[in-house]
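Please walk me through this predicted model, one region at a time.

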Amino acid sequence: MTTFIGICLQVALLALLPPLLLGIINKTKAGFAGRRGPPILQVYYDLLRLMKKNVVISSTTTWVFLAAPLVSVVSVVLAGLMVPLGPTAAPIHFTGDLIMFAYLLALGRFFTTMAALDTGSSFEGMGAAREFTFACFSEPALFLALLVLVKLSGALSLSAMLLPASHVRIGSTASAALVLIAVSLFVVLLAETSRIPVDDPNTHLELTMIHEVMVLDNSGPLLGAQIYASSLKLLILAAFLLHIVLPLNPALVGRDWGLMLVGLLVVAGIIGSVESLMARLQLRFVPTLLVAACLFSGFGFLLIL
Amino acid sequence: MNWLALVFVGVIAFALSGPVGMLGRRRENGWQWVSAGVAVGGGLCGLVAAFAVLLGTLTESLSLPAAAPAMTLDLRVGPLSAFFLIPIFAIGSLSTIYGLGYWRQSRHPRTGRKLRLWYGLLIAGMAMLTLCQNSIDFLIAWEMMALSTFFLIITEDQKPAARQAGWVYLVATHLGTLLLVALFAILRVVSGSFLLRPVPPGQVGMGLQTALFLLAIVGFGLKAGIVPLHFWLPEAHANAPSHVSATLSGVALKMGIFGMLRVLTLLTARPPAWGFFLLTLGAVSAFLGVLWAIGQHDVKKLLAYHSVENIGIILMGLGLALLGEAEHQPVWIVLGMAGCLLHVWNHGLFKSLLFLSAGSVIHGAGTRDIDRLGGLAKSMKITAALFMLGSLAICGLPPLNGFISELFIYLGLFHTMARLPILSLAAAVLAMVGALAAACFTKAYGVVFLGTARSNFRRAHESSPTLWIPMCILGAACVLIGVAPSLVLAPLMHATATWSGQTLPALGGLVPARTLSMLGVGLVIGIGVGLVWQRNGLRQARIGITWACGYIAPSKHMQYTASSLAQMLLTALRPLLHQRRHEPQISGVLVGPSQFHTVVSDPVLKDAVEPIWRRLRFTLARGQGFQKGSIQNYIFYMLLILLALLAFTLPLAMLWRLLF
């Protein structure tokens, strides 16, 4: 029964929560800047508005451009069904789902970059080049972190790896390794969801953007799908990170769900704070940042050898 | 039913397909169809037999007397050889059909007939290679394959690039054969027979076995294209006709892997160092192969470097399996070997698909230079869709076949965590290789097929069905293995068990084949339904121009090119590359037209092989006096060498007594 409720809750959260995280980030940033900022539910309004709008399609594009938002949403939703959002196992879990998870995110990215090139625009080409360059460095960081979790749990499924990660005793070597991979995963999260210091989602200068510039030619529901997919990615990666950081207790399912929910909102707040307090890095230093994330994960791996 | 005989029918049919095609006139297509019919018929026979042997776990052998004294032709077909026969016959037949449209006799009157002759011999040689049980026969089949490859590479021998590629290949392959001769000679001395039998464990020490292992890795590695022995590969595969490149890349490289597997079954020692060595070598090959691919501007050369990458991935699986044998970990053996073997099939499928699609692009647009192409997805819809499918598969993205074999290797590497966790670091390398491959194929597909044309090449057109039907079959096989991996579990298990000779845990218990199928089908249906629903919604979509900050006349020159897409990644990884930049010189007030381009050259070829080769030629030029060019001289040299050998082997005293 708890599993059934857990699955329902997870699906509901996946469907409804993501835009709220963006709302919180924007609200936090507004707070830091001394503005009142848009309402916390603004992204929901934006999505609803976009869904009703008509689309403009560039005459240069092909089916790849139309398929990309769809592939992004479908692959990120499937990936999201493999990460436990709460204290119960995720709806889909099997041996090796961690690899499927990473590759589904890669599938979404592949189509998004492809669609950017489909428009024949130099700005979008620029965004695509940056996106796949950074992915080449964030992917090993993610896998090194996964290796640490596999070693600690002895399991080959995200649900079985992440749930015990929260009961590692504080002060043990394993907890030190978890701290290191948590730092690494936070950097990966910032890079994958295009936040400062890697990318600035708010800028209006195409030359400096990454994700936003790739979806420059998307409009209406196509743009809505891309925004939803990227916010969903943020939710999944944040939940992933929280499992490593939060001390969950399998006996107290209700408390743990609450803790995870609050945790997700806090992560959004932290991202908003990072965005307000830091400047965007020069693009040529971003690979260095991601290599640092790899090193953090790598040292975590060395600790538990 | 005698399956071995049926396989042999396939071999003979391919060998005869060339001569049959020679009956026709130079400018007539009719006999080309007959020749293809013979080849494809033989290929189907061979496929049926190979599947029967593989699925039924049969072994059939045959010993025929040969013309040479004291020699026999010993053939045997078993699950492992059948596993390699399947891609040989399947891709051989499909490429032959493709050749009907791509290399039409009437359009290539000079080269068409000789190409088919060597192509048939290549396939026949490779198929024979998997059957031979005798080292002399093995070497003969090996040379048949190696030499016909040379003639195929120089099909267009009027082009200097093709001749150059052919010579480099010839040197490389002879070097490999030399090492293989040494390998088999030692095996002959050790085992007392030319038959390929396991060496007796007690008599042969670890040192000698390791020497044999290294000879096999270098000798077969030269054929497989492992870094740093790959230097001949990119140019050779780029300059051969596309359907030949597809066969060379998709199948012929795997004969190197087959050779390694075959020799490993003969060696009885299994020190962990061997497996570790192969795993490292594989990881390095995979990483450097994909890295060099990213900087390429020639679509076929780019694909050729990806072969180096994929051979690396195959080798990682093999290394893991060897380590499993050394450490007595059956799970590592199963996952490593199954990953290695499935990737042999998969790479054969998607790489042939990509090369054939590239051939279709060359046929339609007339150039191999990525930076001149663009926007082909509109004029070549089928080719574009199939190239996309191949790209997704080669990047290992779900739900296609590349993902399944990489998943096996990943799982195997994760399983090492409990015992030798350092090995699992290879999983992180594989992840980076995957991301780099995705970057490279985004670049390749994006620049060739998307956007608008970057130069005024002649109007591109879709190829004829003889070209795209074989491509569709390959694409369908990629999808089938991707969404129904349970189909390949049994063949993989049979081949793995034959190779290892132990009882192993079932593959089905280690990989979630059914869940993978369900997810794959779910993904396809999800995207499919979405597309249909979206199409209804997009009826009233407005068509506009691409947003260029208010600029109303975007031009083709504003697009990103292959160089600019790769620039950031190449700059970040500069220490590992050998990139030359040709930057524009800007001077004066009125700046004239200027150009910028980058060349990523192969460091092994440019910095190691070529300097050594130049020095060698300089040194050897002193001996040129002996090269008279008349046959009498060479017969005289042979006589001298024979006498020298005689003097060397027979003690001089014995010779003295014999004479006087």
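Pro197(A) sits in the loop between α8 (173–192) and α9 (211–214) of chain A. Helices here are DSSP runs of H or I with at least four residues, strands are runs of E with at least two, and both are numbered from the N terminus. The peptide bond that joins Ile196(A) and Pro197(A) is cis, with omega about 10 degrees. Chain B has a cis bond too, from Val227(B) to Pro228(B), with omega near 5 degrees. Pro228(B) lies in the loop between α7 (206–224) and α8 (233–239) of chain B.

This is a predicted model, in which local features need pLDDT of at least 70 and side-chain atom pairs count only at pLDDT 80 or more, while totals for chains, interfaces and linings use all residues. Residues are numbered from 1 along each chain as its sequence is written, and chains are lettered from A and ligands numbered from 1 in the order in which they are written.

Now take chain A as a whole. Its secondary structure comes to 12 helices and 1 strand. Along the sequence the pattern reads α-α-α-β-α-α-α-α-α-α-α-α-α. The C-alpha trace of chain A spans about 55 × 45 × 40 Å along its principal axes. A compact globule of 305 residues would have a radius of gyration near 19 Å, and chain A agrees, with 19 Å. That radius is taken over C-alpha atoms, and the globule rule is 2.2 Å times the number of residues to the power 0.38. Of the 305 residues of chain A, 62% count as buried. Buried means that 20 or more other C-beta atoms lie within 10 Å of the residue's own; exposed means 12 or fewer, and partly exposed is in between, with C-beta atoms placed from the backbone. Contacts in chain A also reach along the sequence: among those between residues at least 6 apart, 77% join residues at least 24 apart. A contact means that two C-beta atoms, placed from the backbone, lie within 7 Å.

Next, look at helix α2 (residues 18–33) of chain A. At 1.5 Å a residue, its 16 residues should span 22 Å, and the end C-alpha atoms are 23 Å apart, which agrees. The expected span is 1.5 Å times one less than the number of residues. Among the buried residues of α2(A) are Pro18(A), Pro19(A), Leu21(A) and Leu22(A). Their cover includes α3 (42–52), α10 (220–245) and α11 (253–277) of chain A. Just after α2(A), Gly34(A) takes a positive phi of about 75 degrees.

How many residues does each chain bring to the contact between A and B? Chain A gives 58 residues and chain B gives 61 residues. On the chain A side, the elements that give two or more residues are β1 (56–58), α4 (63–80), α5 (97–118) and α6 (122–153). The most come from α6(A), with 17 residues. The chain A side divides into 37 nonpolar, 15 polar and 6 charged residues. Here Ala, Val, Leu, Ile, Met, Phe, Trp, Tyr, Cys and Pro count as nonpolar, Asp, Glu, Lys and Arg as charged, and the others, Gly among them, as polar.

β1(A) is joined by 3 bridges to strand β3 (residues 542–544) of chain B, and the two run parallel. Strands pair if DSSP finds at least two bridges between them. Ile57(A) has Ile543(B) as its bridge partner in β3(B).

Two residues of chain B have a positive phi without being glycine. Thr57(B) has a phi of about 45 degrees. Thr57(B) lies in the loop between α2 (30–56) and β1 (60–65) of chain B. Thr57(B) is partly exposed, with 16 other C-beta atoms within 10 Å. His328(B) has a positive phi of about 55 degrees. The loop between α11 (299–327) and α12 (330–365) of chain B holds His328(B). His328(B) counts as exposed, with 10 C-beta neighbours inside 10 Å.

Finish at Ser563(B), in helix α20 (residues 562–572) of chain B. Is Ser563(B) buried or exposed? With 20 C-beta neighbours inside 10 Å, Ser563(B) counts as buried. Leaving aside neighbours within four places in sequence, Ser563(B) is in contact with Asp371(B), His597(B) and Thr598(B).
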